[in-house]
Amino acid sequence: MHPIRPWPRSRAVTLAVAALVAATAALAPSPAYAADDTERPTAPGPITVTAIDTTWVELTWTASTDNVGVVGYAVSALFEDTGRAYSTDTTTIRLTDLRPSRTYTLSVAGLDAAGNRSVSNPTLRLTMPPGDTQPPSTPGQPVAYDVAATLVWLRWTPSTDNVVLDRYEVYRVDAGGQLTLVRELYQFPPSPTMTQVSGLTPNTTYTFVVRARDEAGNWSALSPPVTVTTLPPPPSCAVRTVVRQGRDGFVAYLAVENTGTTAVNGWTMTWRFWASQQVRALWGAQVVDRPNNSYLRVRNTSHNALIRPGGTVSLGIVATGTQLPEEVTLNGGVCVVADE
């Protein structure tokens, strides 16, 4: 049996073809047959499990036949969009380095000396025996780090697990303590422990908790809750900009007017800002972050949080690049932008 080659994470179909070709490289076609033999071997017989443990399984199957001769078999064990590829020159094999409780799709194909590959026999879906009863640790208390009228961003300290985390689930805690699932964050591959919860009602208080699940189905305890109140409906707003452009960037002065009938008390603004651009200076606001590296998000300072109806706040930015402030939002509401 040839050494195991782990597959990279990518599209499953592409991976299956690439990994099986790599795994059977040792069964290279013979030049003596390659020019004359184009006939595929027959498909191997059904896969039978002869022995199994939590991390390995032994398989056997009925041999393929060929007009010249079968030289080996390509075997794969696929889990979601990743897996492992193996090769053997017999009709038995032991697949190792598998995970407890995972469900794998197993397949076998015959190869002849000319490199012709049979179709795979009917695949076998196999769930490995459980070998993990330890639950993940409890996630940290969520933090609401960005709140708007209809959405909130949450982040939390990750759970740890003795094997592999499968997912996080985020719940809204309703009246009476009832839990409603609002988001699932699968950790295959590992993802940041943050998420956006949208579709919320403006000016409403919500409570959220998080729990973790590992691949064996063990659940952590619920995290401590976080309670957050969404902002009032987005204000109507208008932005006037005065721009001086230079060879290395620009200076922009922004006058942000509350054109609605309700005062804004605390605000966050975003505008388009490419990843290649850099902020050289900013006044009248503080940088929060750069969502998706395509926008710049800023918030009020301690002196200009309140914008009364008809009132205006001023801010400015010195930045590199040529992308001027556009697609401006104020607390989630789209502003009308006019250049001067």
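In which loop does Ser-101 lie?

Guide: This is a predicted model. Ser-101 lies in the loop between S6 and S7. Its phi is positive, about 70°, although Ser-101 is not a glycine. Most residues other than glycine have a negative phi. Ser-101 has 17% relative accessibility, so it counts as buried; the cut-off is under 20%.

The loop between strand S6 (92–95) and S7 also holds Asp-97. Asp-97 is not a glycine either, yet it has a positive phi of about 60°. Its relative accessible area is 52%, so Asp-97 is exposed; that takes over 50%.

Now step into strand S7, residues 103–112. Tyr-104 sits in this strand. Six aromatic pairs are counted in the model. In one of them, the rings of Phe-79 and Tyr-104 have centres 6.1 Å apart. Their planes are at 55°, so this pair is tilted. Phe-79 belongs to strand S4, and the pair links distant parts of the chain, 25 residues apart. Phe-79 and Tyr-104 are both buried.

That brings us to S4, residues 70–79. Tyr-73 of S4 has an aromatic partner too, Trp-61. Trp-61 lies in the loop between strand S3 (57–60) and S4. The two ring centres are 5.5 Å apart, with planes at 70°, so this pair is edge-to-face. It ties together parts that are 12 residues apart in sequence. Both Trp-61 and Tyr-73 are buried.

S4 also pairs with a neighbouring strand, S5. The two run antiparallel and are joined by seven bridges. Ala-77 stands opposite Arg-84 in S5. S4 and S5 form a hairpin with two residues between the strands. There Glu-80 takes a positive phi near 50°. S5 spans residues 82–88, and six of its seven residues are buried, so S5 is largely enclosed by the rest of the structure.

Further along the chain, look at the disulfide. A search of the whole structure finds one. It joins Cys-237 to Cys-335, with an S to S distance of 1.9 Å. The torsion about the S-S bond is about -100°, so the disulfide is left-handed. The pair links distant parts of the chain, 98 residues apart. Cys-237 is in strand S16 (residues 237–245). Cys-335 is in the loop between strand S26 (333–334) and strand S27 (336–339). Both cysteines are buried.

S26 pairs with strand S25 (residues 329–330) over two bridges, in the antiparallel sense. Thr-329 has Val-334 in S26 as its bridge partner.

The elements that give two or more residues to the lining are strand S9 (143–147) and strand S19 (268–272). S9 gives the most, with three residues. By type, the lining divides into nine nonpolar, eight polar and three charged residues.

S10 (residues 152–155) runs antiparallel to S13, with four bridges between them. Val-152 has Val-197 in S13 as its bridge partner. S13 covers residues 194–197 and has two faces. Thr-195 and Val-197 make up the covered face, while Met-194 and Gln-196 make up the uncovered one.

Val-256 is at 0% relative accessibility, so it counts as buried. The C-alpha atoms of Val-256 and Met-269 are separated by 9.7 Å, and the two residues are 13 apart along the chain.

Technical notes:
Residues numbered from 1 in each chain as written. Predicted model: local features only at pLDDT ≥ 70, side-chain atom pairs only at ≥ 80, totals over all residues. Heavy atoms only, no water. Nonpolar A, V, L, I, M, F, W, Y, C, P; charged D, E, K, R; others polar. Buried < 20%, exposed > 50% of the residue type's maximum accessible area, 1.4 Å probe, protein only. Pairing = 2+ DSSP bridges. Disulfide = S-S within 2.5 Å. Phe/Tyr/Trp six-rings, centres within 6.5 Å; stacked < 30°, edge-to-face > 60°.
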